[in-house]
Amino acid sequence: MTNAEITKKQFYRIQAETVIRNLKKRRMNGYYCETKEEAAELVKSFLKPGMSAANGGSMTMEALGIMQYMRENPDIVYIDRDQASTDAERKEIQRKSFTADAYFMSTNALTLDGELINVDGSGNRVAALIYGPDKVILAASMNKVESTREAALDRVRNIASPPNCVRLNRNTPCAKTGRCGDCLGDDSICSQIVITRRSMDPERIHVVLIGEELGF
């Protein structure tokens, strides 16, 4: 490991300690893992035999292998949205996800002050974050941490959303230019902007921070 890599690891841990401390003030639980392997094991630990589980779209959770783990685990009742063959089936599965014991997702950005910043297209992912599942487990790499709410929103618009639009083959300005065009077209994935500044239930939201760069 180079000196630069060692310094970045040290910096990520310092940042994570600040975020975790501020998440606690907001009645949310924070954890720090230096590697994606450690993070994957921690995220899996929230799954207990007999539980039902669902997920929102998340490249970070995919990188951790969480969807595959739930799909292959016979002890978990997995509400798998990828099993839908039609839009109607997908919508029904997404609605059923609100009744899950645990919901797994990432966050588009978060602040040092402990706020979660998310932008969503249909709104199913942020709806589950806000209300429904008994527990919500988020995995987020430290490159998603910003110093202020404004910087976090800018990150979502100009760093997270453009590659997601490319991945989803959306015909949006950001997919063509790499920068948010504040569009209102049919292909926009930015319909809902949600700032989670506090959890009513102090045992509901769990944020796993990862000292590697994953997702968008």
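**Close-up views of a predicted model**

**View 1. Cysteine sulfur positions.** The sulfur of Cys-165 lies 3.7 Å from the closest cysteine sulfur, that of Cys-174, which is too far for a bond, since a disulfide is a pair of cysteine sulfur atoms within 2.5 Å. Cys-165 has a relative accessible area of 2% and is therefore buried (buried, under 20% relative accessible area; exposed, over 50%; partly exposed, in between; 1.4 Å probe, protein chains only). For Cys-180, the closest cysteine sulfur belongs to Cys-190 at 6.1 Å, again too far for a bond. Cys-180 is partly exposed, with 27% relative accessibility. By this rule, zero disulfides are counted. The model is predicted: local features need pLDDT of at least 70 and side-chain atom pairs count only at pLDDT 80 or more, whereas totals for chains, interfaces and linings use all residues. Residues are numbered from 1 along each chain as its sequence is written, and side-chain values use heavy atoms, with hydrogens and water left out.

View 2. The strands are arranged in the order 8-5-6-9, with mixed pairing (strands are DSSP runs of E, at least two residues, and helices are runs of H or I, at least four, numbered from the N terminus; two strands pair if DSSP finds at least two bridges between them). Strand 8 (145-146) and strand 9 (192-196) are the edge strands, each pairing on one side only. Five antiparallel bridges join strand 6 (residues 116-120) to strand 9. Within strand 9, Gln-192 stands opposite Asp-120.

**View 3. Surroundings of Glu-115.** Glu-115 is located in the loop between strand 5 (109-111) and strand 6. Its relative accessibility is 6%, so Glu-115 counts as buried. The side chains of Glu-115 and Arg-149 make a polar contact at 2.6 Å (a pair of N or O atoms within 3.5 Å; within protein, one must be able to donate a hydrogen and the other to accept it, and residues adjacent in sequence count only if both atoms are side-chain atoms). Not counting residues up to four places away in sequence, the residues that Glu-115 touches (heavy atoms within 4.5 Å) include Arg-26, Ile-195 and Arg-197.

**View 4. The largest nonpolar core.** Among its 24 residues, Leu-116, Leu-138, Ile-205 and Leu-209 touch the most other members (a nonpolar core is a set of buried Ala, Val, Leu, Ile, Met, Phe, Trp, Tyr and Cys residues joined through side-chain atoms within 4.5 Å). Helix 1 contributes the largest share, four residues.
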